[in-house]
Amino acid sequence: AEKTADSRIAAGMKTRRAVLSDAYVDGTVKKRTPFNTEFQDFITAIAWNDVWNRPGISRRERSFIVLSITIGLRHWDEFPGDG
């Protein structure tokens, strides 16, 4: 059965919180505006549900891939610390 948009957003939010932490996600949710809400829902449904919950690669392996790409692209601002 096909998931509804709301169920994909809810599942994505659960994954997002598990990966990033409740505190981090709560901070981003507080920054929602009428301008970015639709985009945030899109990212939550597509990236955090459809991609992160897709079978075949474990969450740990996905995390390694994301970290590797982030380092390879030299996005040091994504990491805590003095960078």
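Residues 24 or more positions apart account for 53% of the contacts in the chain with a separation of 6 or more, a contact being heavy atoms within 4.5 Å. The model is predicted: local features need pLDDT of at least 70, side-chain atom pairs count only at pLDDT 80 or more, and totals for chains, interfaces and linings use all residues. Residues are numbered from 1 along each chain as its sequence is written, and side-chain values use heavy atoms, with hydrogens and water left out.

**Overall build**
- The chain contains 4 helices and 0 strands, where helices (H or I, at least four residues) and strands (E, at least two) are DSSP runs numbered from the N terminus.
- Along the sequence, the pattern is α-α-α-α.
- A box of roughly 40 × 35 × 20 Å, taken along the principal axes, is filled by the C-alpha atoms of the chain.

**Surface and charge**
- Of the 83 residues in the chain, 18% are buried; buried means under 20% relative accessible area, exposed over 50%, and partly exposed in between (1.4 Å probe, protein chains only).
- The chain exposes about 6,500 Å², and carbon and sulfur atoms supply 60% of this area, which is computed by the Shrake-Rupley method with a 1.4 Å probe.
- The chain has 13 positive and 11 negative charges, and their mean positions are 4 Å apart; Lys and Arg count as positive and Asp and Glu as negative, while His and the chain ends are not counted.

**Packing of α1 and α3**
- The axes of helix α1 (residues 5–20) and helix α3 (residues 37–51) come within 7 Å and cross at roughly 70°.
- The helices α1 and α3 are therefore roughly perpendicular to each other, a term used for angles of 65 to 115 degrees.
- Residues on both sides make this contact, among them R8, I9 and M13 of α1 and I46, W48 and N49 of α3.

**Single residues**
- A5 belongs to helix α1 and is partly exposed, with a relative accessible area of 48%.
- A5 and F35 are 30 residues apart in sequence and, C-alpha to C-alpha, 19 Å apart in space.
- S21, in the loop between α1 and α2 (22–30), has a phi near 100°, a positive value in a residue other than glycine; S21 is partly exposed at 32% relative accessibility.
- R74 lies in the segment after α4 (59–72), has a positive phi near 60° although R74 is a residue other than glycine, and counts as exposed at 61% relative accessibility.

How values were computed: The place of a charge is taken as NZ of Lys, CZ of Arg, CG of Asp or CD of Glu. Axes are lines fitted to C-alpha atoms, for helices over the stretch in contact, and angles run from 0 to 180 degrees between N-to-C directions. Angles under 35 degrees count as roughly parallel, over 145 as roughly antiparallel, 65 to 115 as roughly perpendicular and the rest as oblique.
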